[in-house]
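I am opening these notes to record what I looked up, one entry at a time.

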Amino acid sequence: MGRGSPIPPMLRRKIVEQYQKGVSQRKIAKSLKLSSSTVHNIIQRFRESGTISVHEGQGWKTILDACDLRAHRQHCITYRNDTVMEITTWAQEYFQKTLSVNTIHHAIRRGRLKLYRSKKKPYLNRIQKRRPFLWAKENFKWTVAKWKSVLWSDESKFEVNFGKLGRHVIRTKEDNDNPSCYQRSVQKPASLMVWGCMSACGLGSLHIWKGTINAESYIQVLEQHMLPSRRRLFQGRPCIFHHDNARPNTASITISWLHRRRIRVLKWPACSPDLSPIENIWRIIKRKVRQRRPKTVEQLEACIRQEWDNIPIDKLEQLVSSVPRRLQSVIKRRGDAT
């Protein structure tokens with residue numbers, strides 16, 4: 001039983017009954033798994049007043065009552081990005097009471113709230129929200145089988161991480177200037193730009209960019225990697241090709257090349273990375289690569305290729321099957337980030 005928790009009436013009656021039978025306080029405490037002081041206080045109260053009930057007003061007094069907690073909870077929900085110090089200042093002025101930061105922390109927990117680190121999402125204006133919203137409504141009636149006929153492609157940047165990883169470190173107060181407690185960073189870490197494609201049937205080819213990325217080099221990647229992956233994964237079945245709205249992807253020569261090849265391209269709204277399942281694949285690979293901590297570009301490339309090959313097909317099918325739920329979330333949020 002936690003410290004400060006009230007003793008149930010049934011348990012208090014058991015203590016008094018055993019005491020009246022002549023059992024010692026130490027044995028009562030041991031049999032009921034209570035502290036000796038708790039048993040002594042209950043027996044002492046029974047001797048003095050003849051009752052086992054707790055006196056009214058006994059225990060810790062709360063500074064904020066139920067009405068105050070409701071107002072405090074509503075303020076925290078309305079101003080989610082305020083710091084605890086700012087909430088404390090507001091509460092002192094609003095309730096006209098002397099409140100500490102610890103009291104506000106306790107009030108937040110009593111309101112079934114908790115402090116979390118915010119997710120990082122891109123800022124979207126009204127037009128940028130409207131495009132994914134309309135696109136999601138247009139394609140909402142697509143079945144899972146139709147989404148499985150899409151060949152998803154994307155590019156992602158991988159960097160070589162230096163030093164200790166993570167935002168937190170375990171140290172004493174005096175170790176704030178200990179070099180082993182620093183989080184090292186460099187201004188321009190070595191990096192690789194990676195292109196890949198996937199479908200619910202399996203993973204396609206992976207390409208590591210060499211040099212700058214332009215429309216000509218992108219078309220070469222499509223010829224050398226996208227077309228073979230398309231033939232291997234779909235084996236002549238009709239499929240739809242997906243890529244985002246990056247400049248090399250939407251260049252006129254790229255569009256002409258896709259028309260000549262009679263490749264059907266999925267119309268894609270700008271600023272909507274949450275809708276593409278291949279983004280989840282990049283996040284999985286980056287998390288795995290960070291755990292392996294490659295030190296050079298060569299090691300980074302080897303790690304990327306190994307983790308790419310280790311993605312199970314069940315995961316791919318699960319991600320592609322989640323596209324209808326993603327569209328539903330976009331419609332529910334009126335095009336905002338999900």
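Predicted model: local features only at pLDDT ≥ 70, side-chain atom pairs only at ≥ 80, totals over all residues.

Entry on the surroundings of α12. I listed its buried residues as Ile 278, Asn 280, Ile 281, Trp 282, Ile 284, Ile 285 and Val 289, and I see that they pack against β1, β2, β3, α13, α14 and α15. Just after the helix, Arg 293 takes a positive phi of about 55°.

Entry on the largest nonpolar core. This core has 36 residues, of which Trp 147, Trp 152, Leu 266 and Ile 281 touch the most other members. Two or more residues come from each of several elements, including α7 (126–138), β1 (150–159) and β2 (191–199), while α12 gives the most, with six residues. Leaving out residues up to four places away in sequence, I found Ile 281 touching Met 198, Trp 308, Ile 311, Leu 316 and Leu 319. Another core, of 17 residues, lies apart from the largest one, and Leu 151, Tyr 218, Ile 219 and Leu 258 are among its members.

Entry on His 207. I located His 207 in strand β3, which covers residues 202–208, and I count this histidine as buried because its relative accessible area is 18%, under the 20% cut-off. Its side chain is joined to that of His 225 by a polar contact of 3.3 Å. Beyond its neighbours within four places in sequence, His 207 is in contact with Met 193, Val 194, Trp 195, Val 221 and His 225.

Definitions and conventions: Residues numbered from 1 in each chain as written. Heavy atoms only, no water. Helix = DSSP H or I, 4+ residues; strand = E, 2+ residues; numbered from the N terminus. Buried < 20%, exposed > 50% of the residue type's maximum accessible area, 1.4 Å probe, protein only. Polar contact = N/O pair within 3.5 Å; in protein donor to acceptor, adjacent residues only side chain to side chain. Contact = heavy atoms within 4.5 Å. Core = buried A, V, L, I, M, F, W, Y, C linked by side-chain atoms within 4.5 Å.
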